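The sequence and structure come first.

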Amino acid sequence: MVKPMPRKAKAPSPLTNLSEKEIAQLREIDERLSRVAQERRASLTRPSVHAEQTFGSITFRYETVRCGKKNCTRCPHGPYWYAYWKENGRTRSRYVGRILPTKAREVYEEKQRAKLDRVKTA
Ligand SMILES: [Zn+2]
């Protein structure tokens, strides 16, 4: 037989004595901390860029990405194409997929050919 541990008298939660203002401050700190944690995660999962092609105001990048999942055995994933553009001064991005949109791919392949030609003639 296992004797039950003697139960300690529960102290009242210190949160019950907080004013609205203090709770608001705590919430602010909490938000700030989770933002920092989020930024740190983002930097850990920063993709590595394999290729880049600017098309008008959009930059397409061919990237491998780390999903950030703890037990993932398939990391890094990809590479996949992502589109980056500016909107109201903020950088936005969108997953494109394994294949570039035709128009962007044509520009990209054109540049690759030009690069190869330069190497050949050098
Ligand atoms: Zn993964």
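## A buried glutamate

In this predicted model, Glu-63 lies in strand E2, which spans residues 58-65. Helices (H or I, at least four residues) and strands (E, at least two) are DSSP runs, numbered from the N terminus. Residues are numbered from 1 along each chain as its sequence is written. Because the model is predicted, local features need pLDDT of at least 70 and side-chain atom pairs count only at pLDDT 80 or more, while totals for chains, interfaces and linings use all residues; side-chain values use heavy atoms, without hydrogens and water.

Glu-63 is buried but forms no salt bridge, and Arg-61, the nearest side chain of opposite charge, is 4.6 Å away. Buried means under 20% relative accessible area with a 1.4 Å probe, protein chains only. A salt bridge needs a side-chain nitrogen of Lys or Arg within 4 Å of a carboxyl oxygen of Asp or Glu. The side chain of Glu-63 does make a polar contact of 3.1 Å with that of Tyr-84 (N or O atoms within 3.5 Å, one able to donate a hydrogen and the other to accept it).

## The nonpolar core

Ala-51, Phe-60, Trp-81, Ala-83, Trp-85, Leu-100, Ala-104 and Tyr-108 form the largest nonpolar core (buried nonpolar residues joined through side-chain atoms within 4.5 Å). Strand E3 (77-87) and helix H2 (102-121) each give two or more residues to this core; E3 has the largest share, three residues.

## The whole chain

The chain has two helices and four strands, in the order α-β-β-β-β-α. Of its 122 residues, 15% are buried.

Definitions and conventions
Buried means under 20% relative accessible area, exposed over 50%, partly exposed in between (1.4 Å probe, protein chains only). Lys and Arg count as positive and Asp and Glu as negative; His and the chain ends are not counted.
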